[in-house]
Amino acid sequence: MKKKGLPRLMEYAGGYRRLTYLSWVLSALSALLALVPFVFIWLVVKEALEVAPDFSAAHDMAFNGWMAVLFAVLSMLIYFAALMCSHVAAFRVASNIRRDVMKRVTELPVGFLERIGSGRARKIVNESSAATETYLAHQLPDMAGSAATAAGMIALLFVFDWILGLVSLLPVVVSFVIMGSMIGPDMKKKMAEYQNSLDEMSNEAVEYVRGISVVKAFGQSVFSFKKFKASIDNYGKWVIDYTKSLRRPMIFYTLAINFVFALLIAVALGVTAGGNFDGEFLLDLIFYVIFTPIIGVTLNKIMFASENSMIVQDALERIDLIMDEKPFPIPSEPKLPSGADVELENVSFAYAGADRKALDGVSVKAGAGQTVALVGPSGGGKTTVAGLIAGFWRAQSGSVRIGGADVADMTEKTLADTVAYVFQDSRLLKASVADNVKLARPNASRIEVENALHIAQCDDIIAKLPDGIDTVIGTKGVYLSGGEMQRIAIARAVIKDAPVILLDEATAFADPENEYAVQKAFEKLSENKTVIMIAHRLTTVRGADRIYVLEDGKVTESGRHDELVEAGGTYSKMWSDYLRSVEWKVAKEA
């Protein structure tokens, strides 16, 4: 059974767990030493009352004062040592968690990250590990110190005057009862809801930022992204409702931990009402008035530590969302493709949580060196077909084969060497042009990189960059348009020189000038390659060897362009709609 909470974190600490335990001991020792100055303060006040008004008769007042300072400083130094130990261990745990999570991310198929969303994955890697860091570095040492403070505090409260000590503890009991109502089992559920709302908002924010250019181009606002706006509204509503639900208990809790002063004064007035007053009682009363603020500080530390333990447990569960995901099994007898032909035979696939299949009995075939196009309405399953060929997902039934070998029987490296994928919104790293191209083949020479850029029609791009192919994209005002980035991505596919090319709406974000250059690059890239092309612009697929029309996860038509136009089906209608759109003109105002 998988460990939870602190035992789980200690698995990531390795040999540094000793520092974690040492930090608890030092923090507890520091907390106990922090109580000692109050004893010396009591001695100072006691002597002051005894010699008043002739304070020159005091002999030990300065000594007791300096002893109070000494123990206060010693307590702080030991607490600093405790935090140094806890931080070293916490940083190691956070580092190990991030390393293990990122290692698992690299092992998982691309489809998993698409399913959970890049924003959510980033938040898990960064913020969930950071939550464990805060907990180990601060909350646990403070929890150990609070426990030691509570034990020492109870002892001191009853040493001087048991009646005043009992009075001082009554608000503590009430505070614990109220605290229990706020941090009980329901709090864990609330913490999960809170993190879920943050995850959703983070994920939608990433998608919004990616589409901000479209929003600005059409003069729209955040309301154009309904999901992002809804996630913000849901988060706001949850926070307000949650805050309101805790408003009353928090008021009573704050009142209870600060009510000790009123109780002490009330008891003091009651005890001295009949004139029964002496200096010893006044001394004890002064001590309790000075000492009892520690109660509120200690209770707050306990409450926040309890809350953070729930946050950490929730963070570990989110980390397990990635760690528990299994990578595709490594084939026991790996196979190599014996050619570049691609075939999907009776393939069915459904995304996790979907209420219908993305593909249902789909069969598609592309002979070696052929160009096959996938067209059809959005949501028909075109991108899913490409994703299955590239190994982003595994078919749940049927088979996906390249060169006669099922992709499930290929190693990850073999499949990556066999298939090159050009996405519709290709991303470039904040690195030099050369480094971006060499992502496909890190050991490529400079001449090979330059040749790939030339084949991808990037000469005009390189000519305008200040440092040529060594120019770092995204710095000092160096930015590329969507079409230009697409050509760099094509150069990446060129240098990879894979026998199978997947083009997913690759001209979607190109202007007419860039589209022409991209198409020229495709011609070079596709020479002697098997090409699977997804396109909405039907002019790009007219010359395909075969066109498949996908609707609702099924192949409804297939054939060459002329055959499908004459068939009078979905493709024929799409072609007619395209021809009408070409004839559209912008009318001038008279």
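Predicted model: local features only at pLDDT ≥ 70, side-chain atom pairs only at ≥ 80, totals over all residues.
Student: Why is H561 called buried?

Tutor: Buried means under 20% relative accessible area. H561 has a relative accessible area of 6%, so H561 counts as buried. You'll find H561 in helix α20, residues 561-567.

Student: What makes the link between the side chains of H561 and Y571 a polar contact?

Tutor: The cut-off for a pair of N or O atoms is within 3.5 Å. The side chains of H561 and Y571 are joined at 2.7 Å, so that pair passes. Leaving out residues up to four places away in sequence, H561 touches R542, I547, Y571 and W575.

Student: How do you know that β3 and β8 pair?

Tutor: Two strands pair if there are at least two bridges between them. Strand β3 (residues 371-375) and strand β8 (residues 530-534) have four bridges, so they pair, and they do so in the parallel sense. For one example, L374 has I534 in β8 as its bridge partner.

Student: What makes β6 and β10 edge strands?

Tutor: Look at the order of the six-stranded open sheet, β6-β7-β8-β3-β9-β10, where the pairing is mixed. Both β6 (419-422) and β10 (554-559) pair on one side only. From one strand to the next, the twist averages 20 degrees.

Student: And which strands are at the edges of the four-stranded sheet?

Tutor: That open sheet runs β2-β1-β4-β5, with antiparallel pairing. Its edges are β2 (359-366) and β5 (405-406); each has a single partner strand, so one side of each has no neighbour in the sheet.

Student: How do you know that β1 and β2 pair?

Tutor: Same test: at least two bridges are needed. Strand β1 (residues 342-349) and β2 are joined by five bridges, so they pair, running antiparallel. E343, for instance, has K365 in β2 as its bridge partner.

Student: Which strands does α13 touch in that sheet?

Tutor: Helix α13 packs on β1, β2 and β4 (397-402), and its direction makes about 115 degrees with that of β1. Helix α13 (residues 382-390) also lies across β3, β6, β7 (500-504), β8 and β9 (546-551), at about 145 degrees to β6.

Student: Which residues touch the most other members of the largest nonpolar core?

Tutor: L453, I490 and V541 do, in a core of 46 residues. Helix α18 (residues 482-496) gives the largest share, six residues. A second, separate core has 32 residues, including F349, I532, I534 and L550.

Methods:
Residues numbered from 1 in each chain as written. Heavy atoms only, no water. Helix = DSSP H or I, 4+ residues; strand = E, 2+ residues; numbered from the N terminus. Buried < 20%, exposed > 50% of the residue type's maximum accessible area, 1.4 Å probe, protein only. Polar contact = N/O pair within 3.5 Å; in protein donor to acceptor, adjacent residues only side chain to side chain. Contact = heavy atoms within 4.5 Å. Axes fitted to C-alpha atoms, helices over the stretch in contact; angles between N-to-C directions. Core = buried A, V, L, I, M, F, W, Y, C linked by side-chain atoms within 4.5 Å.
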